[in-house]
Amino acid sequence: MTTDETITSRSLRVDQLLLDNDNPRHEITMTQREAIHEMIEGQKEKMSNLANDIAINGLDRSSLLIVMPHQEESDKFIVLEGNRRLTAIKLLLEPSLAELGGSQSFQKQIKEASNLFQSKFKAGFAIGCVVYIVILGDL
């Protein structure tokens, strides 16, 4: 068996990016909503601070997300590195997601950051990603 690896960089829309349900930062989850809940539950303060920083400064262009293509959905990508950043962006774009694990205070902080973020960044916000593809084949 041979392995062929390809690495490219690409801008992807947020709706193309999926949190890693098998992320070592939390228990294995079955859905994206569960993954968001786990990310919030374990790191409310960090998530709030990160969302606020992204709302003010945008994403650090030197820290691209690392993703791999989803095996079943050809237009989707699983985030291998950058799940906290993706969670923060998803919260900024849809602040009602903060209800999945956040206190009233957390929800308020996310809503305020979301208002700032949405006033500064266009709809269809795209994120710079490194796409990692591994192809297994026969010799």
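Which residues in H1 meet which residues in H3? In this predicted model, the H1 side of the meeting consists of Gln-32, Ile-36, Met-39 and Ile-40, while H3 contributes Asn-83, Arg-84, Thr-87, Lys-90 and Leu-91. The axes of the two helices come within 10 Å and cross at roughly 105 degrees. Because angles of 65 to 115 degrees count as roughly perpendicular, H1 is described as roughly perpendicular to H3.

Nine of its eleven residues are buried, so the helix is largely enclosed by the rest of the structure. The buried residues are Asn-83, Arg-85, Leu-86, Thr-87, Ala-88, Ile-89, Lys-90, Leu-91 and Leu-92. Of these, Asn-83, Thr-87, Lys-90 and Leu-91 also take part in the meeting with H1.

The picture widens with the largest nonpolar core, which has 31 residues. Two or more residues come from each of helix H1 (32-42), helix H2 (44-57), strand E3 (65-69), strand E4 (77-81), helix H3 (83-93), helix H4 (104-120) and strand E5 (126-137). H3 supplies the largest share, five residues. Within the core, the residues with the most contacts are Leu-17, Val-67, Leu-91 and Ile-127.

Apart from neighbours within four places in sequence, Val-67 is in contact with Leu-12, Leu-17, Phe-77, Ile-78, Val-79, Leu-80, Cys-129, Val-130, Val-131 and Tyr-132. Leu-17, one of these partners, is likewise among the core residues with the most contacts.

Methods
Residues numbered from 1 in each chain as written. Predicted model: local features only at pLDDT ≥ 70, side-chain atom pairs only at ≥ 80, totals over all residues. Heavy atoms only, no water. Core = buried A, V, L, I, M, F, W, Y, C linked by side-chain atoms within 4.5 Å. Buried < 20%, exposed > 50% of the residue type's maximum accessible area, 1.4 Å probe, protein only. Helix = DSSP H or I, 4+ residues; strand = E, 2+ residues; numbered from the N terminus. Contact = heavy atoms within 4.5 Å. Axes fitted to C-alpha atoms, helices over the stretch in contact; angles between N-to-C directions. Parallel < 35°, antiparallel > 145°, perpendicular 65-115°, else oblique.
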